[in-house]
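Morning, everyone. I have one structure to show you today. Let me put it on the screen.

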Amino acid sequence: MPSFLTSIVVSFYLALMIPATVLASGTFSKHFAKTELTPTARKMTRLHFYFHDIVSGKNPTAIKIIAPKGSFGMTAMIDDPLTIDTKPGSTVVGRAQGLYALASQHDSALLMVMNFAFTYGKYNGSALSVMGRNPVLDAVREMPVIGGSGVFRFARGYALVNTVRYNPKTGDAVVQYNVTVVHG
Ligand SMILES: *[C@@H]1O[C@H](CO)[C@@H](O)[C@H](O)[C@H]1NC(C)=O
Ligand SMILES: *[C@@H]1O[C@H](CO)[C@@H](O)[C@H](O)[C@H]1NC(C)=O
């Protein structure tokens with residue numbers, strides 16, 4: 001650990017000592033003490049949609065890729081539709097692509113690692129990245145939005161989510177997502 005820290009400090013000093021002209025031509029990195037790329041006046045967007053996690057039937061959108069003996073460690077890869085309304089057939093605004101895993105030995109807390117790949121309106125082609133803890137039995141869960149692309153460059157924010165429908169027989173669930181992000 002100390003040598004790791006030392007190497008960070010040393011590389012930092014080296015980066016400072018290299019003249020700007022060396023960094024200017026097709027180099028690996030360029031340091032901006034004061035950057036114009038990061039907008040000072042950030043935009044804020046609120047998104048509201050429903051996440052359909054379909055584990056049953058012929059066309060599941062969530063597939064278990066790790067199935068340990070107990071439930072701890074269970075991992076599913078998802079490509080879940082995100083819709084405007086709670087109905088599965090309502091307008092799709094994007095897809096939640098990534099995975100969730102049961103990361104707690106004490107309760108039903110999932111680790112969520114996913115991208116929301118939007119396909120709707122001006123958000124088509126833009127994405128948000130979420131990584132957080134999701135204790136699925138809690139009425140309301142909060143997960144951090146840690147980044148984004150397209151219109152969501154520089155995004156950070158949070159998602160407040162609650163389960164709208166859960167079928168204990170099939171395991172299918174519909175979850176409401178309220179996402180607030182600031183971005184470039
Ligand atoms: C989203 O963008 C893709 C690629 O540019 C395009 O093919 C598709 O028709 C667009 N979808 C919508 C709903 O605008
Ligand atoms: C999400 O937003 C909807 C509509 O604005 C609201 O009814 C609901 O209570 C919100 N849910 C959470 C968990 O914030």
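A word on the source. This is a predicted model, where local features need pLDDT of at least 70, side-chain atom pairs count only at pLDDT 80 or more, and totals for chains, interfaces and linings use all residues. Residues are numbered from 1 along each chain as its sequence is written, while chains are lettered from A and ligands numbered from 1 in the order in which they are written.

Start with the layout. The chain has 2 helices and 9 strands. Helices here are DSSP runs of H or I with at least four residues, strands are runs of E with at least two, and both are numbered from the N terminus. Along the sequence the order is α-α-β-β-β-β-β-β-β-β-β.

How much of the chain is buried? Of its 184 residues, 23% are. Buried means that 20 or more other C-beta atoms lie within 10 Å of the residue's own; 12 or fewer is exposed, in between is partly exposed, and C-beta atoms are placed from the backbone.

Now contacts. Two residues are in contact if their C-beta atoms, placed from the backbone, lie within 7 Å. Take the contacts with a separation of 6 or more: 42% of them link residues 24 or more positions apart.

On to the core. A nonpolar core is a set of buried Ala, Val, Leu, Ile, Met, Phe, Trp, Tyr and Cys residues joined through C-beta atoms within 7 Å. The largest one has 30 residues, and Leu-82, Phe-116, Leu-128, Val-130 and Val-145 touch the most other members. Strands that supply at least two residues each include β1 (43–53), β3 (75–83) and β4 (92–102). Which strand gives the most? That is β5, with 6 residues. In soluble globular proteins, nonpolar side chains tend to be buried together.

Look at Phe-116. It sits in strand β5. Why does Phe-116 count as buried? Because 27 other C-beta atoms lie within 10 Å. Beyond four places in sequence, Phe-116 contacts Leu-82, Gly-94, Ala-96, Ala-127, Leu-128 and Val-130. Leu-82 has its own list, also leaving out residues up to four places away, and among its contacts are Phe-49, Tyr-50, Phe-51 and Phe-116.

Next, the strand pairs. Strands pair if DSSP finds at least two bridges between them. β6 and β7 pair antiparallel over 4 bridges. A hairpin with 5 residues joins them. Leu-128, one of the core residues I named, has Gly-148 in β7 as its bridge partner.

β7 and β8 also run antiparallel, joined by 5 bridges. Pro-144 is bridged to Tyr-158 in β8. This hairpin has 6 residues between the strands, and Gly-150 there takes a positive phi near 65°. Phe-154 lies in the loop between β7 and β8. Phe-154 is not a glycine, yet it has a positive phi of about 70°. Phe-154 is partly exposed, because 16 other C-beta atoms lie within 10 Å.

Last stop: ligand 2. Which residues are around it? They are His-48, Val-140, Leu-160, Asn-162, Gln-176 and Asn-178. To count as near, a residue's C-beta atom, placed from the backbone, must lie within 6 Å of the molecule. β8 and β9 each supply at least two residues of this shell. The shell divides into 2 nonpolar, 4 polar and no charged residues.

Methods. Ala, Val, Leu, Ile, Met, Phe, Trp, Tyr, Cys and Pro count as nonpolar, Asp, Glu, Lys and Arg as charged, and the others, Gly among them, as polar.
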